[in-house]
Amino acid sequence: MNAAILHYGLVNIEEIRIRLEEQGFKRVDVKAKLEADYRSFAKKKAFHCLCCDSPVEMVLPFDRNFYFRHWDKSECSYSENYKKYEKKISTYEEPRKHILGKTIIRTILEGQSKPLGLTVEPGYLYRTILSIVPDFIIKHPNGDVWAIDYLTGIRTNTAYSKNVEKRKEIYEQNNFKAHFFIDDEWLAYKSGLPYTTFVQTEIDSSVITSEDLDWQDYIKALPPELIKVLVGDTVLHYFPKSITYINPTKREATILRYLLLDSNNARLLAEPIYISLENALSIDPEHMEFNLFGENENLERMDTTEKLFKELDEIKFKEEQERILKKQLEQQQKKNTSEASIDDHPIEYSNERGSIFNETYEETEKRVIAKWGNPNRNHQDVSPTPEGIWNLAAYLNLLPVNVEESTDYKRKRKKERELIERIVNHSITGETYILGGTRAWKETILSELGNISNGCHWNYRFN
Ligand SMILES: [Zn+2]
């Protein structure tokens, strides 16, 4: 045990040691200071055990943590829990990081809990002997008990993962609600990538908060096409969950909301949500949970919808490109095998448009013609026209429905360029096997498309 009662107050010698060492004092100086301040009291048995009130003596070893023990060397729940707790930390956690973080977490938790009538205490002060002791225990007025752990161990260590799993089990057996906050060194996130991979401990540390349920409602309301983008062919039977990573020294917390796709890969529902550690450790008395949510996650949800539509567009674009490429290769093969009968059948293009646009090809054509007029079908040398490009775009489902609302010609031209660039720079699996460079075949297809869609020779030059 690192704390004892002295004259109605609490003295935590381990905390004093850490504070002084942080200030640059050597252990020998810290020891001398504690001896000078407290040894005479200890000798007079003025220190008492927090748990059983027996007198305790002060032990200040050079190579281990400072602690108090009963004079008669007997054990009570505090001393037993404390021993187990110390062993847990030295075996599984990164001791230095853990103790520093824990001090900060404790200060915040105490400040946040007091107004709500909750008590926060170190887990080893629990009056029953526990087989695994949490960092903190929060007692609620209604009798609920929460166990809080700050996880700093090695994420790839199987023994650590098993220990955290066991903690969860033991806490549940004691009717504690377990809350794990993971050190943010574990966070694996690449900007713009909506996927991540978890180790088992992260999955075990996940929770379903009320905000996660809002995300669940949001997903349920999405069109099936977008749900497919979100989870592929996975049967959606999971609840969105969240994991909170913390950086106590920076006083920051990061929340990841996700859907688990298989045993350890997950689809992120939004960009990581950054909040202050103070907010993350504050408690909502109504919902009886930590306030683990961003400032405005409704905006995050809108952002997610936009991104999903964009991804859907890209998937359709890729599928169409692959289909065209396949057809081209087939035609080329036919030509090669039988030069005598040249197959002039044009490639058939999909007439179907996705349900997001709710428009058939015929409708698109009508719309495009109404806007830009019917191209002269007999003209043989038509230079590249915006119409051709837009028709092509319509074929490839790249145009938003409201595109004809746009009146700014320059903007349209810019978009045309971007669209062409997007098409010719889009890489397709296997294209390196095609002779003539990766742009050439796409340019060929683009001009073919111009022929078909306009019914005229569209000799587009990409310059
Ligand atoms: Zn005791």
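The protein has 14 helices and 16 strands. Both are DSSP runs numbered from the N terminus, where a helix is H or I over at least four residues and a strand is E over at least two. What you have above is a predicted model, in which local features need pLDDT of at least 70, side-chain atom pairs count only at pLDDT 80 or more, and totals for chains, interfaces and linings use all residues. Residues are numbered from 1 along each chain as its sequence is written.

Two overall figures. Of the 463 residues in the protein, 27% are buried. Buried here is 20 or more other C-beta atoms within 10 Å of the residue's own, exposed is 12 or fewer, and partly exposed lies in between, with C-beta atoms placed from the backbone. Among the contacts in the protein with a separation of 6 or more, 61% are between residues 24 or more positions apart. A contact is two C-beta atoms, placed from the backbone, within 7 Å.

Now the start of the chain. Three strands make an open sheet, ordered β2-β1-β3, with antiparallel pairing. The edge positions go to β2 (9–12) and β3 (47–48), each of which has a single partner strand, so one side of each is left without a neighbour in the sheet. Pairing takes at least two bridges found by DSSP between two strands. Strand β1, residues 3–6, is joined to β2 by 4 bridges, and Ala3 stands opposite Asn12 in β2. On the β3 side, 2 bridges join β1 to its antiparallel partner, with Ile5 opposite His48.

The hairpin of β1 and β2 has 2 residues between the strands. For background, most residues other than glycine have a negative phi. His7 is exposed, because 9 other C-beta atoms lie within 10 Å. Lys73 also has a positive phi, about 60°, and is not a glycine. Lys73 sits in the loop between β5 (67–70) and α3, and with 8 other C-beta atoms within 10 Å, Lys73 is exposed.

Next, the core. The largest nonpolar core has 63 residues, and those with the most contacts inside it are Met1, Ala4, Tyr78, Ala147 and Ala280. A nonpolar core is a set of buried Ala, Val, Leu, Ile, Met, Phe, Trp, Tyr and Cys residues joined through C-beta atoms within 7 Å. This core draws at least three residues from each of domain 1 (1–74) and domain 2 (75–295); the bounds come from an automatic or database domain assignment. Leaving out neighbours within four places in sequence, Met1 is in contact with Tyr67, Phe68, Tyr78, Ser79 and Tyr82.

Helix α5 covers residues 158–173, 16 residues, and reaches 23 Å from first C-alpha to last, close to the 22 Å expected at 1.5 Å a residue. The expected span is 1.5 Å times one less than the number of residues. Which residues of α5 are buried? They are Tyr160, Val164, Arg167 and Tyr171. Seen down the axis of α5, these fall within an arc of 50°, so they line one face of the helix. The arc is taken over the directions from the helix axis to the C-beta atoms. They pack against α3 (77–92), β8 (145–151), β9 (176–183) and α6 (200–204). Exposed on the other side of α5 are Thr158, Ala159, Lys166, Glu172 and Gln173. Just after α5, Asn175 takes a positive phi of about 60°.

Helix α7 is residues 210–220, and its buried residues are Glu211, Asp212 and Trp215. They cover an arc of only 100° around the axis, which puts them on the same side of α7. Their packing partners are β11 (241–247), β12 (252–260) and α10 (297–337). On the other side of α7, Leu213, Asp217 and Lys220 are exposed.

Last, a loop residue. Ala270 lies between β13 (265–268) and β14 (273–276). Is Ala270 buried or exposed? It counts as buried, because it has 20 C-beta neighbours inside 10 Å. Setting aside residues up to four places away in sequence, Ala270 touches Arg257, Glu300, Asp303 and Thr304. Ala270 and Tyr258 are 12 residues apart in sequence, and their C-alpha atoms are 7.9 Å apart in space.
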